[in-house]
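This briefing covers aromatic contacts, helix packing and backbone geometry in a predicted model. Please read the points below alongside the sequence and the structure.

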Amino acid sequence: MFLYQPTKGYAYNSDSIFLYDFISTFNPKGKLLDVGCGVGIISLLLTRDFNVETSIIDKQKSMLNYANHNFSINKLSCSSYLNDFIDFNVTDRFDYIVSNPPFYDENVIQSENEHLNIARYAQHLPIDEFIKKVKSLLRPRGRFIFCYDAKQVDKLLYTLIKYKINPEVLRFVHSKVDRDSKLVMISARANSKAMMRIMSPLIVFDSENSYGDEAKKAFAKAGTNSIKGDYEDE
């Protein structure tokens, strides 16, 4: 699968590949919404691999242009929306909402690049407003699967439970076995009463700084090839 990405600004990274791999274990089907889709990497792979009816949303026109172009060149279809997710109003309700949202704390030193800033920092999509909006768009037993800053997992769990989206499965990602986790992947389900399951951690690199077997398998399953280019929808 080929994907165009901008030469400057936001580009997808391994977080998106690992999230795609995590979502795949839940065999998504039905209506799927990718929030803050960027160049479309997550929803493209899921649309390729599963029987889903895909919608994508991003508040940056340039990113949505890339995503739409990437769907087109890979002969996949989606409904796309240029909108701030918090202001997004549709009559549809979704079986799956997935996202690799901006999650860096607003108090850190921020990028001056507008596209990077919007893609990275949590003030552009605050946790409480984000999860409240997700709940309003999920079907009664719909799933919300996303990744976030592991240091904020307490806020995430509190807010998910507050809006009755029960966190069912958690998986922490560590760069190495002896490093603190910087990323958590969460599968939560509306109105669920299931006990939480915490999976074994995903360790990205081995002791020789090479990708571990599980990371290699995720990249191989994704099978992506990136093309850097300043694509504009004319």
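The count of aromatic pairs in this predicted model comes to nine. One of them joins Phe22 and Phe26 in an edge-to-face arrangement, and ring pairs also link five residues into a cluster that includes Phe144.

**Aromatic rings**

- A pair of aromatic rings is described by the distance of the centres and the angle of the planes.
- For Phe22 and Phe26, the centre-to-centre distance is 5.4 Å and the planes stand at 80° to each other.
- Both partners of this pair, Phe22 and Phe26, are buried.
- The cluster linked by ring pairs consists of Phe85, Phe130, Phe144, Phe146 and Tyr148.
- A charged residue also meets a ring face: Lys221 lies over the face of Tyr20, at 5.4 Å from the ring centre.

**Surroundings of Phe144**

- Phe144, a member of the ring cluster, is found in strand E6, which covers residues 138-149.
- Phe144 has a relative accessible area of 0%, under the 20% limit, and therefore counts as buried.
- When neighbours within four places in sequence are left aside, the contacts of Phe144 are Ile97, Phe130, Ile131, Val134, Leu138, Leu160, Ile165, Ile186, Ser187 and Ala188.
- Phe94 lies 50 residues from Phe144 along the chain, and the C-alpha atoms of the two are separated by 9.5 Å.

**Packing of H1 with H2**

- Two packed helices are described by the angle between their axes and the distance between the axes.
- Helix H1 (residues 14-24) packs against helix H2 (residues 41-49) at an angle of about 35°, and the axes are 9 Å apart.
- The crossing of H1 past H2 is right-handed.
- On the H1 side, the contact is made by Ser16, Ile17, Leu19, Tyr20, Ile23 and Ser24; on the H2 side, Ile41, Ile42, Leu45, Leu46, Arg48 and Asp49 take part.
- Divided by class, this contact of H1 with H2 has eight nonpolar, two polar and two charged residues.
- H2 is largely enclosed by the rest of the structure, because seven of its nine residues are buried.
- The buried residues of H2 are Ile41, Ile42, Ser43, Leu44, Leu45, Leu46 and Thr47.

**Packing of H5 with H6**

- Helix H5 (residues 127-137) and helix H6 (residues 153-162) have axes 9 Å apart, at an angle of about 35°.
- H5 passes H6 in a crossing that is right-handed.
- Ile127, Asp128 and Ile131 of H5 meet Lys155, Leu156, Thr159, Leu160 and Lys162 of H6.
- By class, the residues of the contact of H5 with H6 are four nonpolar, one polar and three charged.

**Positive phi values**

- Most residues other than glycine have a negative phi.
- Asn27, although not a glycine, has a positive phi of about 45°.
- Asn27 is placed in the loop between H1 and strand E2 (30-35).
- Lys75, likewise a residue other than glycine, has a positive phi near 55°.
- The loop that holds Lys75 runs between helix H3 (61-73) and strand E4 (79-82).
- Lys75 counts as exposed because its relative accessibility is 77%, over the limit of 50%.

Methods: Residues numbered from 1 in each chain as written. Predicted model: local features only at pLDDT ≥ 70, side-chain atom pairs only at ≥ 80, totals over all residues. Heavy atoms only, no water. Axes fitted to C-alpha atoms, helices over the stretch in contact; angles between N-to-C directions. Helix = DSSP H or I, 4+ residues; strand = E, 2+ residues; numbered from the N terminus. Left-handed = near helix turned anticlockwise from the far one by under 90°. Contact = heavy atoms within 4.5 Å. Nonpolar A, V, L, I, M, F, W, Y, C, P; charged D, E, K, R; others polar. Phe/Tyr/Trp six-rings, centres within 6.5 Å; stacked < 30°, edge-to-face > 60°. Buried < 20%, exposed > 50% of the residue type's maximum accessible area, 1.4 Å probe, protein only. Lys NZ or Arg CZ within 6 Å of the ring centre and 35° of its normal.
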